[in-house]
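Okay, thanks for coming, everyone.

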Amino acid sequence: MPATLQRGFIPLRAAGGSRAAFRQQPPLSLYVHIPWCVQKCPYCDFNSHALAPPGMAAAASATIPQDDYLAALIADLESALPLVWGRRVDSIFIGGGTPSLLSGEAVEELLAALRSRLPLLPGAEITLEANPGTIESGSFAAFRAAGVNRLSLGIQSFNRQHLRALGRIHDDHQARQAIAEAARHFDNLNLDLMYGLPGQDVEQALADIETALSFAPAHLSCYQLTIEAHTAFAAQPPPLPEPDLCADMQDAIEGRLAAAGYRHYETSAFAHPGRQCQHNLNYWHFGDYLGIGAGAHGKLTLHDRVLRQMRWKRPEQYLAQAAAGTPVQEELTVATAELPFEFMLNALRLVDGFDARLFESRCALPLHLIEPQLLQAEGAGLLERTGQRIVPTEQGRRFLNRLLELFLADRD
């Protein structure tokens with residue numbers, strides 16, 4: 001957990017310093033990180049590393065050490081097997097960076113290596129992230145043939161001016177072309193869109209939504225652009241719309257997607273019925289995930305503790321360390337007293353909230369330990385309880401950080 005989330009955590013006296021005793025392990029997912037992009041977007045704070053200088057949209061000249069990296073991923077997985085031995089993997093997510101820089105053959109080799117080392121749920125969701133600016137003819141067909149059954153396209157906008165402002169290497173024509181081609185091979189397709197862009201108004205934000213809806217994707221992710229530390233935008237912030245205008249965009253987007261039959265099931269996620277992202281739902285339900293690849297994070301529940309890991313971040317360091325059998329850069333056991341906040345940090349993103357029994361199962365703690373915080377959240381109109389369900393209200397979803405602070409602030 002980042003240090004900023006550890007400071008000021010609510011001490012749970014009953015938990016003391018003892019370790020929890022987990023009666024069962026949650027579902028397990030696998031995350032695979034591909035750290036390279038053609039160029040770094042100015043808003044991005046992910047562990048991604050540019051292959052080309054800023055402004056060079058030369059995807060064809062951008063190459064990655066594909067064979068070496070695949071060998072590192074497999075070595076990484078093999079070193080982690082003792083922690084997950086015998087456990088089934090329910091979903092796989094290949095993220096980045098830009099995984100679509102990989103060839104179809106490389107993805108096929110990767111998935112075959114994963115299947116040969118870990119049992120995979122039959123029909124498991126296997127997602128690959130793709131950038132419209134890196135797709136060559138036949139790429140989507142090759143990814144589908146390799147075993148990928150869900151594609152996530154980083155569109156961000158269909159407005160050429162806004163795409164330039166975001167530093168994207170694709171234009172609006174390439175975005176449309178990529179979606180049309182992807183839809184020929186994937187019926188489970190997600191489109192990533194952003195709003196609150198430099199110079200954007202409500203009408204332009206809705207125009208992006210209308211264009212996306214014309215392709216009838218199964219899933220849409222709609223994020224507000226935020227300025228993150230250590231990014232180019234943090235060093236030179238662009239003029240963003242005022243918060244009230246961004247709130248109007250959010251209201252308009254949510255209303256339009258609801259009218260189009262999309263269910264708003266998570267803070268930034270909308271899906272047709274039955275098409276929610278199963279991999280991400282496992283995160284929000286505080287499930288387990290093994291993360292392999294440069295800078296990948298993982299969370300694993302053992303019989304007596306929750307373990308968090310982070311792989312070496314720099315690709316060259318990761319390649320060397322994975323080959324040496326030491327891919328993990330940092331590892332820590334989550335303190336028992338910190339488990340409730342970690343659970344809430346995920347579960348309160350869900351529009352339908354969570355079952356109280358899920359908290360007790362995932363944290364190995366009784367719910368009454370956080371009863372004072374739940375009561376305060378209810379009193380503030382941020383949470384409501386119906387039977388066993390604990391659900392953030394609309395106000396709680398809009399002011400999620402305020403809600404989470406109730407589980408983070410120092411108290412006696």
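If you skip its neighbours within four places in sequence, T211 is in contact with F158 and R176. Before I go on, keep in mind that this is a predicted model. So where does T211 sit? It is found in helix α7. And is T211 buried or exposed? The relative accessible area comes out at 16%, and buried here means under 20%, so T211 counts as buried.

Now, staying with α7, look at what it packs against. Helix α7, residues 202-213, and helix α9, residues 243-259, have axes that come within 9 Å of each other and cross at roughly 25 degrees. Anything under 35 degrees counts as roughly parallel, so that is the label for α7 and α9. As for the hand, α7 passes α9 in a right-handed crossing.

Who makes that contact? On the α7 side you have V202, A205, L206, I209, E210 and L213. On the α9 side there are L245, D248, M249, A252, I253, R256 and L257. Sort the residues of this contact by class and you get ten nonpolar, three charged and no polar.

There's another helix pair I'd like to show you. Helix α2, residues 66-84, packs with helix α3, residues 104-117, at an angle of about 15 degrees, and the axes are 11 Å apart. That angle makes α2 roughly parallel to α3. The crossing of α2 and α3 is right-handed.

For the residues, α2 brings Q66, L70, L73, I74, L77, E78 and L81. They meet A106, E109, L110, A113, L114 and R117 of α3. How does the contact of α2 with α3 divide by class? There are nine nonpolar residues, one polar and three charged.

Okay, on to strands. A quick reminder: strands of a sheet pair through backbone hydrogen bonds, either parallel or antiparallel.

Have a look at strand β6, residues 150-156. How many of its seven residues are buried? Seven of the seven, so to speak a strand that is mostly covered. Both faces are covered, too: on one side R150, S152, G154 and Q156 are buried, and on the other L151, L153 and I155 are.

What does β6 pair with? One partner is strand β5, residues 120-130, which pairs with β6 in the parallel sense over four bridges. If you want to find the spot on screen, T127 stands opposite R150 in β6. Strand β7, residues 189-195, also pairs with β6 in the parallel sense, over five bridges. There, L151 has L189 in β7 as its bridge partner.

Last stop, further along the chain. We have an open sheet of three strands, in the order β15-β17-β16, with antiparallel pairing. Which strands are at the edges? Those are β15, at 354-355, and β16, at 383-386, and each of them pairs on one side only. Strand β17, residues 389-392, runs antiparallel to β15, and two bridges join them. In that pairing, F354 stands opposite I390 in β17.

And there's a helix over this sheet: α14, residues 371-379, lies across β16 and β17. It runs at about 110 degrees to β16.

Conventions
Residues are numbered from 1 along each chain as its sequence is written. This is a predicted model: local features need pLDDT of at least 70, side-chain atom pairs count only at pLDDT 80 or more; totals for chains, interfaces and linings use all residues. Side-chain values use heavy atoms; hydrogens and water are left out. Axes are lines fitted to C-alpha atoms, for helices over the stretch in contact, and angles run from 0 to 180 degrees between N-to-C directions. Angles under 35 degrees count as roughly parallel, over 145 as roughly antiparallel, 65 to 115 as roughly perpendicular and the rest as oblique. A crossing is left-handed if the near helix is turned anticlockwise from the far one by less than a right angle, and right-handed if clockwise. Contact means heavy atoms within 4.5 Å. Ala, Val, Leu, Ile, Met, Phe, Trp, Tyr, Cys and Pro count as nonpolar, Asp, Glu, Lys and Arg as charged, and the others, Gly among them, as polar. Two strands pair if DSSP finds at least two bridges between them. Buried means under 20% relative accessible area, exposed over 50%, partly exposed in between (1.4 Å probe, protein chains only).
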